[in-house]
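Hi everyone, thanks for coming. I'd like to walk you through a structure, starting with one residue and its surroundings. Have a look at it with me.

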Amino acid sequence: MTSRQTAIPYLLILPSLVLAAAIIFWPVGSLIEIATNDVNRFGQLKGWNDFANFSALFANADFIQALWRTGLWTVLVVGGALLVSVPVALILNEDFYGRDIARVILMLPWAVSLTMTAVVWRWALNGESGMLNSALMGLGIISENVQWLASGDLAFAMQVLIGILVTVPFTTTIFLGGLSSIPQDLYEASALEGASRLQQFRHITLPLLKPFINIALVLNTIYVFNSFPIIWVTTQGGPANSTDILVTHLYKLGFRIGKLGEASAVSLIMLAILLIFTIIYVRLAMKEREA
Amino acid sequence: MKSLFLKTILTATLSLAALTSVALAGTVRVTVAEYSAKTGPYFAEAEKAFEAANPGVDIQIEVVPWDVLLQKLTTDIGAGSNADLSIIGTRWLIDFVKQDVAEPLDGFITPEFKDRFIDTFLSPSVMDGKTYGLPIAASARAMYYNKELFEKAGITEPPKTWDELKAAAEKISALGGGVYGYGLQGKEIETDVYYYYAMWSQGVEILDKDGKSGLGSDGAIAAAKIYKELIDKKLTQPGVTSFSREDVQNLFKQGKIGMMVTAPFLSNQIKEEAPNLKYGVAAIPAGPSGARGTYGVTDSIIMFKNSQNKEEAWKFLDYLFTTDMRAKFTQGEGFLPVNKEEAKMDYYVNNADLKAFTDLLPSARFAPVIPGWEEVAQKTSDALQKIYLGDVEPDAALKATAEEINGILQK
């Protein structure tokens, strides 16, 4: 009787476990295989090569730079999106005339494919015929065309801004869900005690929103870390690899230059980084909740 | 009830099996690159006409955008699910041959068939004496110039040398109003090629006689300095590293650029998008010694070694390379004729634009047939972008890149 009882939970998760194994473990397994082998450009294995793919990567200055830039990219986009989304969600949570329309407008960028958004931005940022330059010129803010995508620093800054813009809808949605779960009587009670709006925000809203901020942080970090279209469409990681992040570096290695072994190694390293980040973060968040 | 259900399934499976077996008998799958909106309809028409003339053969065309073609082929071949025929960039052919996935076509090629081709275009697909591909598309580069801007700036003739080009660019840029002398490509595919035009005019080749990179030579550095000077003197559009070939072409169509080097298809685009633009096509400027070079490109259609229906596949190739089919394709896409009979057609003979391109063919260079060419191109483009941005000096940067390339070539 007891043995049957212990078996039931495992039986119940078995189908999803099999499914997960098929769609997660199997590809990761073949990635490991490709990454540790000498591979030709069509993915045919030519034998074990003592982690030569990994050592080639770490000897490559472009890879190291892309690694750091990926960190910067993730922190800036996720951080920026969180900072923008909290006030936006607070405003959209208030009852005001036209709120529904405002919510729809905010969600729209989410409904458009990321690649299309990036293509539109590429046109808008064109130095000679782009919309942004002519708009700024029309407003009298600039007197000469700005070459937004010509140099790495400026191009990267613009990419981060686009990244924040497209991350905000999803993040706001999570926060709106969080805000609607906060009971209204808490605010009423604190208002009776004479709490100001700021105090309410700091001592009621923020603590109760925390689990949602955590979810948004983890999910966004995973999405943004792996995000390919914005950077690829606007600059392809250029000029001279100065806006490359790990995914665009991986794509060039794998499909342009044909080094599938090194490209697989990059993706394993990315997987490892994300896994470690997620484990540490979930642990920290759990501990906080217990405390 | 149950037996009826079973029966239905059984008959469905059987008929499905019958269908697939019929389909397998003469199915030829063809992966084609989408050159323009006309590519898909052209091949659909070819498929229909060919199937009508050859009952039992089923042609299946897959149209793939150029940007993802190599990626698709890589994954298809890796999984063993590639088509029977595919268009590829001829510069990739060496990888296909080395990995033994391309079928030599010599067994099928008759002397009559071979004689249909202009030799310059067939030769890049020949490796170790075997023909592995047929040139489905051929192109070269020449210099487009805006006649209206030339007139306004008081320039009577297109420049013949790089010095004349600089002088002309100065006059055009001096017109002001967002007009620039020379359109310089500094981003994405063929950024390196755009520089080779200047490099070839200095008598330098991509690879020298010993198979080493020519980038470190004095001529190559001089060529980079020509471009850098044009940028520094504001004779090119600003922010060159954010302009891909298409971006520069768009500026040319808008009449904002005096001169640019690009392929014949720009003529077709101008005809459709900017019919009022007055332009001419001239030779690429020469260097001090009179040397000049244009970039010749062919795309090949190849047969895969693992194809089950080689006879049928070849028949389809034979059909595609008949004069009429070729003419329809080449004229629709704006390529150069690869077929001798086709080249004699009035369309080509009386076309001044195309004549400028065909005149340059004797000085055409094709991408060198070396493994790792894509990596060499990437390294070269990276170095050029840094030079254009002014982050590095041409001298040191090109010499360092030459070393790197030599390292890649030795592997």
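So, leaving out residues up to four places away in sequence, B:D299 touches B:Y35, B:W66, B:I87, B:I88, B:G89, B:T90, B:L134, B:P135, B:I136 and B:A137; contact here means heavy atoms within 4.5 Å. Quick housekeeping: this is a predicted model, where local features need pLDDT of at least 70, side-chain atom pairs count only at pLDDT 80 or more, and totals for chains, interfaces and linings use all residues. Residues are numbered from 1 along each chain as its sequence is written, chains are lettered from A and ligands numbered from 1 in the order written, and side-chain values use heavy atoms, without hydrogens and water.

Back to B:D299: it's buried, yet it has no salt bridge, and B:R91, the nearest side chain of opposite charge, is 4.9 Å away. Buried means under 20% relative accessible area with a 1.4 Å probe, protein chains only. A salt bridge needs a side-chain nitrogen of Lys or Arg within 4 Å of a carboxyl oxygen of Asp or Glu, with Lys and Arg counted as positive, Asp and Glu as negative, and His and chain ends not counted.

Most residues other than glycine have a negative phi, and most peptide bonds are trans. But the bond from A:G238 to A:P239 is cis, with omega near -10°. A:N241 isn't a glycine, and its phi is positive, near 60°. Is A:N241 buried or exposed? Buried, at 8% relative accessible area. B:K234 also has a positive phi, about 60°, but B:K234 is exposed at 64%, where exposed means over 50%.
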